[in-house]
Amino acid sequence: MKTEDKYIKDITEIRSMMERSTKFLSLSGLSGILAGIYALVGAYIAYRLFYVNNENIVYNTIDRQEISAEVGNLIILALAILILAVGTAVFLSQKKSQKDGEKLWNSATQRVVINMAIPLVTGGIFIIILLSKGLYGLLAPASLLFYGLALVNTSKFTFEEIKSLGIVQIVLGLLASYFIGYGIFFWAFGFGLMHIVYGIFMHQKYEM
Amino acid sequence: MKVIIDGLRKAFESRVRLGIMSALAVNDTLEFTALKEYLDVTDGNLASHIKALEKEEFIGVKKSFVNRKPNTRYFMTKQGKKAFEEHIMALEKLINSHK
């Protein structure tokens, strides 16, 4: 029957167009897996080099001069991980959108970037303020919390799974702020392991 | 525009026009180039469909300058929104009645 098929096709077409024009679907699961690996390597380096498993870390009882050099290295390490992870995500998204015949920088991408950027930039500034006050122990919880909020905030404009990943990061962030001194383990679990798990899941679901 | 059968609108019969309306239903405004990319059609083809929808007053045009370059954005009018919603409802009804 010609007409009924056409109606169903019309509805499918409407749905797909609405989704394509609002959602950023060029994110590759591989980006998540790689970001997770970078984070785990970074957490390991940080643990070996700087980590003091001590509740006093929050109150900065150590000489300020001594700790500021370590913190400087920690910031460089964190920035390196961030640049690698974001760079990988942009590169793989570019490849995926090329394959799908779409431009990467469209209105859907812009929405994702803006909705991510507001909580992330807020979190970044907040963390810099924490560091300047010597509250190093809150670095891991704060980064998990703001990253989680950014993901939840962005999830309506991309794959729906991102929302649950965001909630996981928020819960980890709260736990890390309670069990202060173990922040790096929660951080490695959230940014490392969870990215890998979600990356594999999304790669299998959407790219196989 | 007359209602043709069961609330379906002739103006939305074409795939391109249906696509334009769907994209504008979920975006406040869209540029010509963005629509072109989503629909994968030629400039001329898209322009003629846009003109037809404009004539029905289902979509409107906002012209402005961004960095001194002309920028044309399209949006859905209230009338267009109503017509599009009715069209979707009619489609759903027709599909359900065939079951």
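Guide: Before we start, helices (H or I, at least four residues) and strands (E, at least two) are DSSP runs, numbered from the N terminus. This is a predicted model, where local features need pLDDT of at least 70, side-chain atom pairs count only at pLDDT 80 or more, and totals for chains, interfaces and linings use all residues. Residues are numbered from 1 along each chain as its sequence is written, chains are lettered from A and ligands numbered from 1 in the order in which they are written, and side-chain values use heavy atoms, with hydrogens and water left out.

Visitor: OK, chain B to begin with. What's its secondary structure?

Guide: Chain B has four helices and five strands. Read from the N terminus, the order is β-β-α-β-α-α-β-β-α. Its C-alpha trace spans about 55 × 25 × 20 Å along the principal axes.

Visitor: And how much of chain B is buried?

Guide: 42% of its 99 residues, where buried means under 20% relative accessible area, exposed over 50%, and partly exposed in between (1.4 Å probe, protein chains only).

Visitor: Let's look at α3(B). What does α3(B) pack against?

Guide: Its buried residues pack against α1 (15-26), α2 (32-39), β4 (59-66) and β5 (69-76) of chain B. A contact here is heavy atoms within 4.5 Å.

Visitor: Which residues of α3(B) are buried?

Guide: B:Leu46, B:His49, B:Ile50 and B:Leu53. Down the axis of α3(B), the buried residues sit within an arc of 100 degrees, so they line one face of the helix. That arc is taken from the directions from the helix axis to the C-beta atoms.

Visitor: Why would residues a few places apart point the same way?

Guide: An α-helix has 3.6 residues a turn, so residues three or four places apart end up pointing the same way.

Visitor: Which residues are exposed on the other side of α3(B)?

Guide: B:Gly44, B:Lys51 and B:Lys55 are exposed there.

Visitor: Switching to strands. How do β4(B) and β5(B) pair?

Guide: They're antiparallel, over eight bridges; strands count as paired if DSSP finds at least two bridges between them. B:Gly60 stands opposite B:Phe75 of β5(B). The two strands make a hairpin with two residues between them, and B:Asn67 in the turn has a positive phi of about 50 degrees.

Visitor: What else is joined to β5(B)?

Guide: Strand β3(B), residues 30-31, by two bridges, again antiparallel. There B:Glu31 stands opposite B:Arg73.

Visitor: Now chain A. Which spans does UniProt list as "transmembrane region"?

Guide: An unreviewed UniProt entry lists residues 24-51, 71-92, 112-132, 138-159 and 171-201 of chain A. Positions follow the numbering used here, feature names are shortened, and such annotations may be inferred rather than shown by experiment. In the model, 138-159 of chain A is 73% helix and 0% strand, with its end C-alpha atoms 30 Å apart. For 171-201 it's 87% helix and 0% strand, with the ends 20 Å apart.

Visitor: Is A:His203 buried or exposed?

Guide: A:His203 is buried, at 19% relative accessible area. It's in helix α7 (residues 183-206) of chain A. Leaving out residues up to four places away in sequence, A:His203 touches A:Gly29, A:Leu30 and A:Met208.

Visitor: Last one. How many residues are in contact between chain A and chain B?

Guide: 20 residues of chain A are in contact with 22 of chain B. The area buried between the chains is about 1,900 Å², and carbon and sulfur atoms give 67% of it. A:Tyr7, A:Ile14 and A:Met17 supply 30% of chain A's share, more than any other three residues. Buried area is the accessible area (1.4 Å probe) that two parts lose on being put together, summed over both.
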